[in-house]
Structure formats: structure tokens, C-alpha cells
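Keep the sequence and the 3D view side by side as you read.

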Amino acid sequence: MHPDSKRPTVEYIDPIISAEIPNINEEPELYSLVSEFMIHGPCGAENMNCPCMVDRQCSKNFPKQFCNHSSVDNNGYPLYMRRNNGYFVEKSGVKLDNRNVVPYNKYLLKRYQAHINVEWCNQGSSIKYLFKYINKGPDRATVAVDINTDSHQEKVVDEIKDYYDCRYLSACEASWRIFKYDVHYRYPSVMRLPFHLPNQQQLIYAADDDIDDVLEQPSVAASMFTSWMECNKINKDARKLTYVEFPTKFVWKANHKLWKPRKIGRSIGRIHSVSPKLGEIYFLRILLNKVKGPKSFEEIRTVNGEEFPTFRDACYALGLLDDDKEYVEAIKEASHSGSGFYLRFLFATMLMSDSLGRPEFVWENTWQLLSDGILYNQQRTLKSPGLTLNEDQLKNLTLFEIEQILLRNNTSLKNYNKMPYPDTDMVSSSTNRLITEELDYDIPILKKEFDRMFHALTNEQRNIFIDIMTTVNDKKGGVFLCMDMVEQAKPFFGRRYLQQLDVKVI
Ligand SMILES: [Zn+2]
């Protein structure tokens, strides 16, 4: 996308997307369009039969929260401005306010006069989403075929016969495909860059070719990889690039087996992954991501002027091996395209193959990536979209998932020295919605409320409070009876202990 077309910050949301009911006097036309097309519900307690209701909850999470300003949450999802300004729309006798507005664009709504949900999705993970979407397959609809039966006879319901899983193609989609238009395209093109150990390039020759003739051909020695090093010998600009960066500035001329400076277009490189079990070629790959402009294999394994006998030794000299950095890098690289589940599987595979010298180091440096999707799954399982998890809970659930993969492979986290083990009590309580919601504290808000209330205490109340909290802090235990309190003050006073205790538990 052109840089001018990007909308990278939250200030861009409000002029484009609105999630509020317009003022009926200022924008009467928009008001009637929003009321007709962009109001969700009524659902929930007012209308249990609304199609959005799943397990007695709105599957689209309406009504949303009131919100004075648009913002972006920790996961990169937008929270649109929904002010509590008293505007409402009445539907089926229920007053629906800004919390029930489906985000829309004023211009599109006025022009097309239809339900058009517009959302801000400017985030890196959209790429993952986009590609997952493509692989999901075409749209489907469940069609029910009702059989005419005699009304006197009891109707026999055979669900298998009644329901067919059919594919529905609309006229527009059908024509689009008939005319063979692109369903999607990719840009820029990605060039797969082969690499090999010295004298191990692939050759193609016919079965009846004479092997000596084949080996004498000058083109045999030149592979895409070796030509890269040849190009580094003659071109100064080439030496500023790593192998992967090379296609951005150079073009491979297959018929001449040469790299030429790029004049038009854009392309990026990719070198395929190699299993650590294959030894030298694996270490060569690691070096290729670091070394710029080498002119020979020897130069690739030269570090600070010293040539090392193997690629592995060069990796050690560069500090890439003894601390498992390459595995951290591997997980980071995989996180650009792989889901959280894939990453956890990758980490488990690394553990099982005994490749990690310090598994706990790799874990500490990648757990944020490995926990991708855990919070989302937890929110879905507990049907609690606003749920947050603290670092310990998140780590624990991630470790639990990894342990499940290991158990299926007849091993366990317990077999790996220094790897933390999930706290199973915590895992079982985190699958319990009541406990999780109870522990889902918003510490800054609690702290603020506590400070406000603490200042409102009388001296006598403050002394009582301090006495009780000292007993709790010193773990002495005891029973206290508050006498002579004004009836109304009791809940107010009691809340302060609870808040202080909540904060302490955390
Ligand atoms: Zn709903």
C-alpha cells in the first residue's frame, strides 16, 4: 500500500468509522439510516430468540461498553468511540443506545443505504488472517429442505435427510470465476533462493549423457548461489546485501546463469528452512542470514578476519550457537506466518529433538510469541470477551498447552532441566469462569478507588483499618468485630478491606 494511503494511528479512526447514533436534528437522514440498518438487536434478556444468541449470550458481544474516545486495545483491536450522550433508537419497544451501534462509514451508508459494517483492521496480524481466510474455502450455507407431510400424520424428523451441506455461489461470484478474474494476488513476488555446501549443487542431465562431458560444461559450476558470490566479486553494491536481500536489488538471469542489477520491479528473497539434524548446511543457512557480500565459501565462515574450518565453528565464533539464539530467531521468524499453535508445536519439537542447550532461555525469550492465541481461546471458552490474563496466568496456560503436546509424544516438561512446569491448580481454576472473573482485577482502577476511599476515613476508622491490615500482612490471623458503625458506612468500610486484599493477592 502507498505510504500516503496507510492509516497507522488511532486518530484516523473517527473521521472514517463511527459507532454512534447521529443527532436526529442535525443529521436526520443519517439518523434514520443508522436506526434502520446499523443497530444490533434487541438481543440478550429483551429478546432471547435473536439469531445472535448462543448459549444465552450475544455471540457478537453486544451491547459494547461506552467509550469516550476511540482507542486500540493491547491486542491491536479497535475500541470505537461510543459516548453516553443519551441518544437512542427504539426497536421492538426497547431503547437501544450507542452501545448497540454496528460500526459504519457515513459516506458508504448514505450512498448505498444498506447494512455495511466497516471495521479498522490496520495491524500486522491481518496478513495471517487474510491468508487463513483464503484457505478456509468458499462460502457455505446450510439449506433445509422441508417435506410436505399430511398434517394428520406425525411428522418424522430425520435430520440427516432434511439437511444438506451445500455450496452456494452467488451470481456475482459465479461470473467472477467464469471470467477467470484473480481471486487474490500477491505482491511483491518472493524468490526462493537455493543454497548448498561446496560442490553439492544440483545438476540436471539426461540418462544417456556422458558424465565427463556433463562435468566439463562451464555452467555446471555456476548455481544461483555460487553466482551470487561471483557477483559479489565484481559489484561493490552487491556486497552491502545478504543473500536474502539480494533479489531486492538484483535479477537472476537463468539463461546466462548470472545476477544483473535490477532496473524495474520488486522482489524479495526466501531461503528454505533446514533441519538442525542436517549439520553443516543448517549452520550455513544461519550464516547466510548474517553475512553480507561474501566472495567465496571460505569468506562465509570467516569471522573478524579468522577463517574457521566449519560453518558450525563460525556460528560459535559469532555467538549464535552456545546460547540457543538461533532457536529464538527461528521461533521469531516462524511467528510472522505461523499460528500460536504451530509455534508451540515447533517449540515442543525443539525440546523433543534435544537441540536446545538452554531450553529455559529460549522459553523466556519467546513465551510472548508462544502464547499467541491463548488469551483469545480462553475468552472464547469462558465466553468472556473482556477477559485479561496476567503474565503468570498466560505463561502457565502456554506451558500447559506445550505439556499436552509433549505428553502425546510420550515425554514431559519435567524431563527438561530448568524448564518451568505449569501449575495445574492454576490451569484448572482458569478454566472456571467464576474464579477467572473474580481474579480478573483492574489493578490501577482498584488502587485509585482505594486511595479515594482511604482518604475519606475518619481517624478512628483509619486506626481500625491499619490494625486489621497489619494482622493480615503479618499473617497473624484473628477475628475482628466492628461495633458502633453507622449502618450505611458498613459496606463502604468493608469494601476497602476487600480491595486491599485483592491487591495483596495479586
Ligand atoms: Zn446480539
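## Confidence

Among the elements of the protein, helix α23 (residues 489-505) has the lowest confidence, with a mean pLDDT of 52, while helix α3 (residues 106-112) has the highest, at 95. Here pLDDT is the predictor's confidence in each residue, on a scale from 0 to 100. Helices (H or I, at least four residues) and strands (E, at least two) are DSSP runs, numbered from the N terminus. This is a predicted model, in which local features need pLDDT of at least 70 and side-chain atom pairs count only at pLDDT 80 or more, while totals for chains, interfaces and linings use all residues. Residues are numbered from 1 along each chain as its sequence is written.

The average pLDDT of the protein is 82, and 81% of the residues score at least 70. Over residues 486-490 the pLDDT is below 50, and this stretch has one contact beyond near neighbours in sequence. A contact means that the C-beta atoms of two residues, placed from the backbone, lie within 7 Å. Residues 502-506 also stay under 50, and for them the model has seven contacts beyond four places in sequence. Where pLDDT is low, the predicted coordinates should not be read in detail.

## The protein as a whole

The protein contains 23 helices and 14 strands. Of its 506 residues, 16% count as buried. A residue is buried if 20 or more other C-beta atoms lie within 10 Å of its own, exposed if 12 or fewer, and partly exposed in between, with C-beta atoms placed from the backbone. Taking contacts between residues at least 6 apart in sequence, 61% join residues at least 24 apart.

## Helix α16 and its two partners

How do α14 and α16 pack? Helix α14 (residues 325-335) meets helix α16 (residues 359-370) at an angle of about 5°, with the axes 9 Å apart. That angle makes α14 roughly parallel to α16; the label applies to angles under 35 degrees, with over 145 counted as roughly antiparallel, 65 to 115 as roughly perpendicular and the rest as oblique. Axes are lines fitted to C-alpha atoms, for helices over the stretch in contact, and angles run from 0 to 180 degrees between N-to-C directions. On the α14 side the contact uses Tyr-327, Val-328, Ile-331, Lys-332 and Ser-335, and on the α16 side Val-362, Asn-365, Thr-366 and Leu-369. Five of these contact residues are nonpolar, three polar and one charged. The nonpolar class holds Ala, Val, Leu, Ile, Met, Phe, Trp, Tyr, Cys and Pro; Asp, Glu, Lys and Arg are charged, and the others, Gly among them, are polar.

Helix α15 (residues 340-352) also packs with α16: their axes come within 11 Å and cross at roughly 170°. This makes α15 roughly antiparallel to α16. Gly-340, Leu-343, Arg-344, Phe-347 and Leu-351 of α15 meet Pro-359, Leu-369 and Leu-370 of α16. By class, the contact of α15 with α16 has six nonpolar residues, one polar and one charged.

## Helix α18

After α18 comes Asn-410, with a positive phi near 65°.

## Leu-30

Leu-30 sits in helix α2 (residues 28-37). It counts as partly exposed because it has 19 C-beta neighbours inside 10 Å. Beyond four places in sequence, Leu-30 is in contact with Pro-22, Lys-106 and Lys-110. The C-alpha atoms of Leu-30 and Leu-109 are 8.0 Å apart, although 79 residues separate the two along the chain.

## Backbone details

Most residues other than glycine have a negative phi, and most peptide bonds are trans. A cis peptide bond joins Phe-62 and Pro-63, with omega about -10°, and Pro-63 lies in the loop between β2 (57-58) and β3 (71-72). Another cis bond joins Tyr-187 and Pro-188, with omega about -10°; Pro-188 is in the loop between α6 (171-178) and β9 (189-192).

Arg-56 has a positive phi near 65° and lies in the loop between β1 (53-54) and β2. With 9 C-beta neighbours inside 10 Å, Arg-56 is exposed. Lys-257 has a positive phi of about 55° and is found in the loop between β10 (250-253) and β11 (258-261). Lys-257 counts as partly exposed, with 17 C-beta neighbours inside 10 Å.
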